[in-house]
Amino acid sequence: MACIKIRKSWELPDSAATPEHVYMQRREFIARLGLGSAALVLGCSTPSVAQNESDLPYPAPRNDDYTVEERGLTPEELATRYNNYYEFTTTKDRVWRLVGGFEPRPWSVEVGGLCAKPQTFDIEDIERHFELEERVYRFRCVEAWAMTVPWTGFPLARLLERVEPSSEATYVRFWTVNRPEQMPGMREGSWASAKWPYYEGLRIDEAMHDLTLLTTGLYGKPLPVQNGAPVRLIVPWKYGFKSIKSIVRIELTAEQPPTFWNDFAPDEYGFLSNVDPDVPHPRWSQATERLIETGERVPTRKYNGYADDVAHLYT
Ligand SMILES: Nc1nc2c(c(=O)[nH]1)N[C@H]1C(S)=C(S)[C@@H](COP(=O)(O)O)O[C@H]1N2
Ligand SMILES: [Mo]
């Protein structure tokens, strides 16, 4: 692989270094502190939050080994306004409107279980310590909609290596944050009584696969809350529900972990849930998928187009 030059934030144009939503979050944060606009005008903004966010390493360099040839990128406005995040709402085009009360920073991720060096990682340490890169992946929801987006992140394997998994570690378990006070769908509506917080799992060979990305950004900016800020999983050959959002804990285990959707409807959502056009969902076909940008239906690809990379995991 070619040597990748990591750009520093001071080499970026203003627009890239301070994306609009980060600016908006900063304004909201300041508003919540009750400092008001005078403080903004005087440049007397809150010290750590503002400085940290403008220092964050976005956009990260694109890794051209991961591109999607057969279709174009989904527009950012769509990928960030058409979401599944049931902790907020089940209405996809409303999630982004309900995220204002969610605080994605400060944040830390606890990694433990069957390993020699359990440790807790601060989100900004994750972003600075691991080499972030941008990869364009296909994304396929089990509901048969699909998109094509540039994620920023690094292989989950790099993080797991740091805690030194023991030989009995056979699976990896993940948990989403549990914040009903900031996530209205956990308090109100028909999903309030679900088995929160959201939880997922992978086999360790899947978790260590190079395509499995611990993801902190989208479209060259920190992840928007509606897409799983500040850190989520992306497993591009599996149905989207495996790609758990807003992760606070990762545990190495010997037993196959339970998963949110499998516990809810075992006959509809398996533990593996690899994208497969030949295995219909009990209530609909998976033979084709709908691109959210155009509504066009295209054939579903086995392992979502990543068969050359992952089919050997399942022989
Ligand atoms: N915590 C949590 N993670 C989640 C979900 C969720 O409801 N809660 N939805 C999943 C589903 S079904 C999909 S398709 C993707 C959607 O990711 P996106 O909104 O970034 O497109 O997130 C997955 N991760
Ligand atoms: Mo999904």
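**Ring pairs and salt bridges**

Across the whole structure, a search finds 24 aromatic pairs. A pair here means Phe, Tyr or Trp rings (for Trp, the six-membered ring) with centres within 6.5 Å; planes under 30 degrees apart are stacked, over 60 edge-to-face, the rest tilted. This is a predicted model, in which local features need pLDDT of at least 70 and side-chain atom pairs pLDDT 80 or more, while totals for chains, interfaces and linings use all residues. Residues are numbered from 1 along each chain as its sequence is written, chains are lettered from A and ligands numbered from 1 in the order written, and side-chain values use heavy atoms, without hydrogens and water.

Start with Tyr-137 and Tyr-306. Their ring centres lie 5.9 Å apart with planes at 70°, so the pair is edge-to-face. Tyr-137 sits in strand E3 (residues 133–140) and Tyr-306 in the loop between strand E12 (297–299) and helix H10 (307–310), so the contact ties together parts 169 residues apart in sequence. Helices (H or I, at least four residues) and strands (E, at least two) are DSSP runs numbered from the N terminus. Tyr-137 is buried, at 1% relative accessible area. Tyr-306 is buried at 7%. Buried means under 20%, exposed over 50%, partly exposed in between (1.4 Å probe, protein chains only).

Arg-138 lies over the face of Tyr-306, 5.0 Å from the ring centre. The criterion is NZ of Lys or CZ of Arg within 6 Å of the ring centre and within 35 degrees of the ring normal.

Now turn to Phe-241 and Tyr-269. Their centres are 5.4 Å apart and their planes at 80°, so this pair is edge-to-face. Phe-241 is buried at 9%, and Tyr-269 at 7%. Both belong to a cluster linked by ring pairs, whose members include Tyr-86, Trp-191 and Trp-261.

Charged contacts come next. The whole structure holds 22 salt bridges, each a side-chain nitrogen of Lys or Arg within 4 Å of a carboxyl oxygen of Asp or Glu. Glu-134 meets Arg-62 at 2.6 Å, N to O. Glu-134 lies in strand E3 and Arg-62 in the loop between helix H4 (47–55) and helix H5 (76–79), so parts 72 residues apart in sequence are tied together. Glu-134 is buried at 8%, whereas Arg-62 is partly exposed at 37%.

Lys-242 and Glu-200 meet at 2.8 Å, N to O. Lys-242 is buried at 1% and Glu-200 at 0%. Finally, salt bridges with shared partners join Glu-70, Arg-138 and Arg-301 into one network.
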